[in-house]
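Dear colleague,

I am passing on the structure we spoke of, with the sequence alongside.

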Amino acid sequence: MLPAPAAAAEPVPWQMGFQKAVTPVMENITWFHNFLLYITTAIVLLVLILLITVMVRFNAKANPTPSRTTHNTPLEVVWTVIPVLILVAIAVPSFRLLFLQTDTPKADLTIKATGKQWFWTYAYPDHGKLEFDSLMATDKQPRLLAVDNELVVPVNKVVRVQTTGADVIHSFAVPAFGIKIDAVPGRLNETWFKATQTGIYYGQCSELCGRDHAFMPIAVRVVDDAEFATWVEGAKKKFAAAPSNALAAATDETR
Ligand SMILES: [Cu+2]
């Protein structure tokens, strides 16, 4: 067994906001989310103040003879230009984030995650035929997130994740990494992450995929390079000697 992880990322009771970010992408998502929150709060407060002012100062009792003004050019310019500037201020970091997410840097490791009813199969094409199934573990904590065979990746390395579906559409999502990508039958989708802290990070299938949709969690264990090399050697033997029978059992009806 691998040693206990240093940090864990999972939902906590009464959590507010996102899970702690452990990738540059998620750090950017968190920043962008907070940035938008400041802007929307300011807009809501401004509109609220304007509404209250109108209600108090310009009601029929306080202001019996209304002004007949219909145009005010400087005011109209201001209320057109300021919203445009706000939208530009939002668009620039938004597009920057979108490019960061979708433009995969040169990958150090490729992993293929295949969504199946109702578990994940992980393949490591860089390491020969290494492939195994990952099923929810009912005898481990955290409940509904722990799995029998975790996806193990090295820390500070760009991991390219390719996803596909074996039966219906699933979705590979790990909140702490800021990734969520559909696993579509007959298609290969791609995303990436670079975890900057060792630990174990949990996610869930995020596309309603049938009866046991809620019971196909994702557990990613981020380890240092030496531990990863040791794990690969062990895993190659383990999964070659004892090929999982989960797939055989699950696909019996369809094959
Ligand atoms: Cu699923």
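What follows is an account of the domains, the sheet and a few backbone details.

Please keep in mind throughout that this is a predicted model.

Beginning with the overall division, the domain assignment of the protein gives two domains, with domain 1 covering residues 24-102 and domain 2 covering residues 109-251. Taken over C-alpha atoms, the centres of domain 1 and domain 2 are 43 Å apart. To the contact between them, domain 1 contributes four residues and domain 2 contributes five residues. On the side of domain 1 that touches domain 2, the residues comprise four nonpolar ones, with no polar and no charged residues.

From the UniProt record, in an unreviewed entry, comes the feature "domain: Cytochrome oxidase subunit II copper A binding", placed at residues 106-234. In the model, that span of residues 106-234 is 43% strand and 8% helix, and its end C-alpha atoms lie 27 Å apart.

Turning to the strands, there is an open sheet of five strands, in the order S4-S3-S2-S6-S9, and its pairing is mixed. The edges are taken by S4 and S9, each of which has a single partner strand, so one side of each is left without a neighbour in the sheet. From one strand to the next, the twist averages 25°.

The individual pairings can be followed across this sheet. S3 and S4 run antiparallel and are joined by four bridges, and Tyr122 has Phe132, in S4, as its bridge partner. S2 and S6, by contrast in sense, pair in parallel over seven bridges, with Leu109 standing opposite Val159 in S6. S6 is also joined by five bridges to strand S9 (residues 189-193), and these two run antiparallel; here Thr163 stands opposite Asn189 in S9.

A cis peptide bond joins Gln117 and Trp118, with omega at about 0°, and Trp118 lies in the loop between strand S2 (109-116) and strand S3 (119-123). A cis peptide bond also joins Gln141 and Pro142, where omega is about -5°, and Pro142 is found in the loop between strand S4 (131-134) and strand S5 (151-154).

The loop between S4 and S5 also holds Leu144, which has a positive phi of about 65° although it is not a glycine. Leu144 counts as partly exposed because it has 14 C-beta neighbours inside 10 Å, which falls between the limits of 12 or fewer for exposed and 20 or more for buried.

Trp14 likewise has a positive phi, near 60°, in a residue other than glycine. Trp14 is found in the loop between strand S1 (8-9) and helix H1 (24-57), and it counts as exposed because it has 4 C-beta neighbours inside 10 Å.

Definitions and conventions:
Residues are numbered from 1 along each chain as its sequence is written. This is a predicted model: local features need pLDDT of at least 70, side-chain atom pairs count only at pLDDT 80 or more; totals for chains, interfaces and linings use all residues. Domain bounds come from an automatic or database domain assignment. Two residues are in contact if their C-beta atoms, placed from the backbone, lie within 7 Å. Ala, Val, Leu, Ile, Met, Phe, Trp, Tyr, Cys and Pro count as nonpolar, Asp, Glu, Lys and Arg as charged, and the others, Gly among them, as polar. UniProt positions are given in the numbering used here, feature names are shortened, and annotations may be inferred rather than shown by experiment. Two strands pair if DSSP finds at least two bridges between them. Axes are lines fitted to C-alpha atoms, for helices over the stretch in contact, and angles run from 0 to 180 degrees between N-to-C directions.
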